Every structure is written in C-alpha cells, then in structure tokens.
Amino acid sequence: MAILQLALVFSILTSLSLLAGSSPSPSPDLQIVTAERRIDLNSHIVKVFLTLKIENIGESPASEVLLAYSPTEADRLALVKAAAAAGKKKRKSYLTLDVKPSEMPDGPNGTKYYLIHLLKPLGKGEAITLEVLYYLTHSLEPFPVEISQSEAQLVYYRDSAKILSPYPIKEQATFLKSPSSRIESFTRVVPTDRANTELRYGPYEDQPPYSYSPIIIHFENNNAFAVVEELVREIEISHWGSIQVTEHYQLVHAGARHKGAFSRVEYQSKPTHSGVSSFKHLLAELPPRVHSVYYRDNIGNISSSRLRTNFKKSELLIEPRYPLFGGWKSTFVIGYGVPLEDFLFEAADGTRYLNYSFGCPLADTVVEKLTVKVVLPEGSKNPSVVVPFPVEQRTERKYSYLDVVGRTVVVLEKANVVPDHKSPFQVYYQFSPIYMLAEPLMLTSVFFLFFMACVTYLHLDLSISKTKQT
C-alpha cells in the first residue's frame, strides 16, 4: 500500500508539472457537450472507446477537431480511428474520418495532438457525435515484477480520471473494465463507483481545458502478454501460379518474469492454479486455401500444430516446445503457400498489383518491429505501394536461382503493430510476360549446350598419331 501511495504522489507531481507549462490556446469555437470514455483492460493491449458530442459555439465554421494525449500515451499509442455518427438508434450509421498526427507545437509539457478532419465544416450552433477508438501498448506494468509458477499476475494501470482535452467539457465520465473482480487497490476521485469488474469515475461537470486527475489501478490480469519483438514476413510472388509466404518470429512473454524452478508435473496436474499467466499455444489466422504449411524452429519441424481451413479463412493453432512464462522467449518460422489468383490482379492499364494483408497473423499480439518484404518477379519495374497508415518504405535487390539481374524487393517497416493493423495493402508494378520465358530458355540453352558438348566430345579424336592398318 505504501508503494501505491508513493506512485500516486509521483503521478500527481507529474500532472502538476504538466499543467504548469504554457499551452497552445484551444479553439474558442468548440466545446464538448458530453464525453464518455470506456477503457478495456481485459488484454495487454488497452482499448479505449471515446464518444464525444462536440458543439460549435463560435461564429466561424470548424472543419477539424483536436485529440490530446499525454507524452506517455503518445509514446504507447499504436493506432487511432475515428468515425462520425449519423442517425439515431437502429438507423445509426458511422462515416469513417481521417485521423493524422498534428503538426501543431506540443502542448503543456509535451502534450501531443491528433487531428480529425470532418467531412463537412461544423457551422454555428451545430453539433456532431464522434466515435474514437485507440490502442495503447505496454501500458500495463507487472507488479510484482517477478512471480513464481503458482502465483497470479498483478499489474498497474495509470491514467487520468478526467479526459485530457484542449476543449472545455460540460459533462464527462470514464469507465474501466478489468478482466477479473480482483482489484487490489484503485485511486478514488469523487465521485467514484465500483461494480464487480467495472470502475466508474464521474460524472464530472464543467471541466476546463487540459483537466487532469491521475489515477492508478492495481488488478489481476492473467491473459497472455504475447509480444513479438521482431517479425519478418517475406511474400515472394511467382507468376507460375503461387505466392510463398515465410514469417520469422521472435516471441517473448512480456508479463511478470518467472522466478524459481519450473515443475512440468505441477503445471499439467494443476492447470487452473499453476502457471495461470503463461501460455502454451497461439492462434494464427491465415488466408483461405493455404497449402504446404509448415511450422519449425532452430531444432527442426514442430509437429504440435493443427490446421483448420474453410472458404473464408484458415486457422493454425501452434504450440511451442514449452509453455512460455514471463520473460521466456521462443523463435520459430511459419511458412505457407497461397494461390496466385487470390491475391494478384491486373489493372485496366496492364499494371499488376498484389492485394495482401498487413500486420501479424497471431491473434491478440503486439509486434514491436514488423518488416514486410514483397519479392517481385525478375524483370518487374516501377513498384509503388498503397498502405492505409504511415510506414517506412525502401527497395532492395535479391538474387535467387537462375536470376540474372535480380529481383526487386519492396520493404515496408512499422513499429508498434496491433491486430487492427491487419488491413489490406497493395503493391503495384509493371511486368512484361516475355520475362517469364527467361528461365525456361536459360535451362533449355544449358541443356542444349551440354548436349552439343557431349556430341562434340564423342566425335573428337584426341589421339597423337593414327593407328596403322595391316
């Protein structure tokens, strides 16, 4: 309890320094009438659902809305989505809005901003309801940092009871949902209510811009903290009928570190009490009609996997050679092939393009560094990429069997990837079918030259002198 109090004091001091700095002047034309925030703590990926009803009280129309994040949140922010609600109740629909990091100067003590572009300007006296969804990674801190095989995993979550916003908020409330009813402690900011696994902060009324009230929640979370430190996906295109995908994983359990000895007998005989925060299998969602699937590590092939396929998707349930406890790591490779006609298409102008899924196939997993390599056929020209979110791009060259000039490789890199990054992306390139004849002609030429060399050798007389006939 003393450690919790010290942590809370530190958070309060941090928040005071946050408010002490000079902030950019918020737009006087906008105010938030109602705000509701729901924080899902069931997984190690924190999901935040934010509903804002925004009103224009100024004279000039507003076409943009700012979202504010503390420096800590901004560093752990993986993805932000926004939509405008239209209609009521059963007829309600949502229109996707463009969200980008703002180029405005940082707010108080480094507060970061994201900009939501409205579909049409908000006129005087008009109101709009926005639905915002964002993901935070590495926001749950294990405490204790080390646990034994028989102990449950407890974590800290730090946030603010009040929503950080550059606009005044007339009424707001925050709800937090934990995976279990075991909540060791939580900060009380009047009014605060608890009902089983849910905490409610608020409602708070007439809060000025940049209001902040730090809270700490200490609760049990035994879900798998599966983090891929690095994932390299290589997608190799062959115009002869198949696409080969190879994925190299460096997986780690990012929860509380395991201490003491590991007892497999206890782990198997008491599955509900021993190693409750560990995980021994993962689910990979693969495309439909996969074939030639394999799962191996540095030792060799791992047979403890099961593949289920249907016309919509394929699911590969994999089991590492040993269960993963906090701090333990595993390195493995998943490979498979998919039909060419399912993912490679030709545009009206003759340009070919690959339409494939970005992100990590493993469910409920954070990828700290994702590298996607698309290996184009030899002879491809003018590659271009369309990705629905910012990534780092570059090209390199790869040489394979019978290659002469090498193959162009489009490399995409992104950090802090979550399951919602699993969206289609496209790689466009130009390719002449004549290049498909290069390798067959090369093989034919080699065999022909070899045959001619054999014929020439058999008919060649290399003797020094001719034998006399009697």
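Predicted model: local features only at pLDDT ≥ 70, side-chain atom pairs only at ≥ 80, totals over all residues.

User: How many residues does β3 give to the lining of the largest cavity?

Analyst: The space in the largest cavity comes to about 190 Å³. Its lining has 20 residues, and Leu50, Ala68, Tyr134, Ile163 and Leu164 are the closest to the centre. Elements that give two or more residues are β1 (30-40), β2 (46-56), β3 and β10 (154-160). The largest share comes from β3, and that share is four residues.

User: How are the planes of Tyr69 and Tyr134 arranged: stacked, tilted or edge-to-face?

Analyst: The structure holds 16 aromatic pairs. For Tyr69 and Tyr134, the ring centres are 5.0 Å apart and the planes meet at 85°. Planes over 60 degrees apart pass the cut-off, so this pair counts as edge-to-face.

User: How many residues apart in sequence are the parts that the Tyr69 and Tyr134 pair ties together?

Analyst: Tyr69 and Tyr134 are both buried. Tyr69 sits in strand β3 (residues 62-69), while Tyr134 sits in strand β7 (residues 127-136). The pair therefore ties together parts whose separation in sequence is 65 residues.

User: What volume does the second largest cavity have?

Analyst: The search of the whole structure gives three cavities of 30 Å³ or more. The second largest cavity has a lining of four nonpolar, six polar and two charged residues. Among them are His258 and Phe325. Phe325 also belongs to an aromatic cluster with Phe262, Tyr267, Tyr322 and Trp328. The space in the second largest cavity is about 50 Å³.

User: And the pockets: how many charged residues line the largest pocket?

Analyst: The largest pocket holds about 790 Å³ of space. It is lined by 28 residues, with Leu79, Val80, Phe389, Pro390 and Lys414 nearest its centre. Its lining includes 15 nonpolar and four polar residues. The number of charged residues is nine.

User: What share of the protein chain counts as buried?

Analyst: The chain's secondary structure has four helices and 30 strands. Among contacts with a separation of 6 or more, 75% join residues 24 or more positions apart. The accessible surface of the chain is about 24700 Å². Of its 470 residues, the buried share is 46%.

Terms used. Residues numbered from 1 in each chain as written. Heavy atoms only, no water. 1 Å grid on protein atoms, 1.4 Å probe; cavity = no way out; pocket = protein on both sides within 12 Å on 5 of 7 lines; lining within 4 Å. Points joined across faces, edges and corners; volume = space filled by probe spheres on them. Nonpolar A, V, L, I, M, F, W, Y, C, P; charged D, E, K, R; others polar. Buried < 20%, exposed > 50% of the residue type's maximum accessible area, 1.4 Å probe, protein only. Contact = heavy atoms within 4.5 Å. Areas by Shrake-Rupley, 256 points an atom, 1.4 Å probe, with all protein chains shown as cover. Phe/Tyr/Trp six-rings, centres within 6.5 Å; stacked < 30°, edge-to-face > 60°.
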